[in-house]
Amino acid sequence: MDRLHKALDFCIRHQTILGYSIVSLLTAASEHIFSSVVFKCPCNSKNMLYGSVFLIVPAFILFLLGYMVNARTWRLLTGSCPPEKRCSCSPWGVCARYGLVLLPVTAKASVAPLTWIAVALLRASFYECAASGSSLIKNLVCKDRQECHNLMVKLPCNEKLSEKISSEFLALQAQSQLIGWFLIASIMTVALISTCISRCCSPVSYLQLKFWKIYLKKEQELFEIKAKEHATRLAEINMNCFFEATDPAPFQTPSNEDWRKVSFLYTFNSQEQYYSMIHKYINTNRGNSIRFGEGDQNPPGLGFVDEVNASESGF
């Protein structure tokens, strides 16, 4: 039992890294299935198109899915252009406003597509097919030899043809693997540098950041409990009034304006210690104080505030 608790604690502490690892493993498994079962290089003039589609299109789809399943995307967009402000709501204005905030979302959405491309390059099937149909590669390897051009497109279907084409030219499979390792090394380097910059720019210390995350988790747990109790009580009152044909008793529930205020993007102010929008709302006279609208731009290291609230809510 003690080992189970330790395992659970480990998973909770490293849930972000474990989540990325699971996504990467699932993506790698999917790529293996596609390259082994679905992918069949035509070995003709369509090699370039066919190989490129299998290399790039699934990665693009995974990138879009990454945006769709990220809770912060919908927290940013929900209510951005309400009907009463639709005429004055410019798509370009919304993009400019949220561009910086969406950078971490883009980084997370890129995990699966970059994994797909890296694994596909290491396996080399897609690249070999696409490169064998590339006019650039053909001209580089074959020069002006037309027979070599014809053999190149058949290379993915017959590896022995590589001996007849060029002994000096690096094999397409080796090229693909080198590019794959370079991509992986670049991704890891960028990830490490961006994480270091994000932590260095954090306006709070390590232990306060840890306390902050604990507070957000507990606040969201209590919000779920209270919201269910409140919604259940309101539903009971309405059902009783409907079936018993009576008038409802007064029942206090947050107004649309209250919900809108606590749904704002979190902004950090170094002069105040608010750990969430609800915390700020309560301590600024229910959002009526001028201090409620004050705040600096959300620092990259504090993007977790909106993410925790949204992900725990299931949106």
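Of the contacts in the protein with a separation of 6 or more, what percentage comes from residues 24 or more positions apart? The share is 69%, where contact means heavy atoms within 4.5 Å.

Before selecting anything, note that this is a predicted model, in which local features need pLDDT of at least 70 and side-chain atom pairs count only at pLDDT 80 or more, while totals for chains, interfaces and linings use all residues. Residues are numbered from 1 along each chain as its sequence is written, and side-chain values use heavy atoms, with hydrogens and water left out.

Begin with the whole protein, coloured by secondary structure: there are 16 helices and 0 strands, taken as DSSP runs numbered from the N terminus (helices are H or I, at least four residues; strands are E, at least two). Of its 315 residues, 31% count as buried, that is, under 20% relative accessible area with a 1.4 Å probe, counting protein chains only.

Next, select residues 49-69, which an unreviewed UniProt entry lists under "transmembrane region" together with 12-29 and 178-195; such annotations may be inferred rather than shown by experiment. Residues 49-69 are 100% helix, with end C-alpha atoms 29 Å apart, and residues 178-195 are also 100% helix, with end C-alpha atoms 26 Å apart.

Now select helix α3 (residues 47-69) and helix α7 (residues 111-123), whose axes come within 7 Å and cross at roughly 160°. The axes are lines fitted to C-alpha atoms over the stretch in contact, and angles run from 0 to 180 degrees between N-to-C directions. The crossing therefore makes α3 roughly antiparallel to α7, a term for angles over 145 degrees. To see where they meet, show the side chains of F54, L55, P58, A59, L62 and F63 in α3, and of A112, P113, W116, I117 and A120 in α7. By class, this contact has 11 nonpolar, no polar and no charged residues, with Ala, Val, Leu, Ile, Met, Phe, Trp, Tyr, Cys and Pro counted as nonpolar, Asp, Glu, Lys and Arg as charged, and the others, Gly among them, as polar.

Finally, visit three loop residues. N70, in the loop between α3 and α4 (71-77), counts as buried because its relative accessibility is 11%, and N70 touches V105 and K108, not counting residues up to four places away in sequence. C43, between α2 (15-38) and α3, has a positive phi of about 55° although it is not a glycine. A124, between α7 and α8 (125-132), has a phi near 75° and is buried, with a relative accessible area of 1%.

Conventions:
Angles under 35 degrees count as roughly parallel, over 145 as roughly antiparallel, 65 to 115 as roughly perpendicular and the rest as oblique. Buried means under 20% relative accessible area, exposed over 50%, partly exposed in between (1.4 Å probe, protein chains only).
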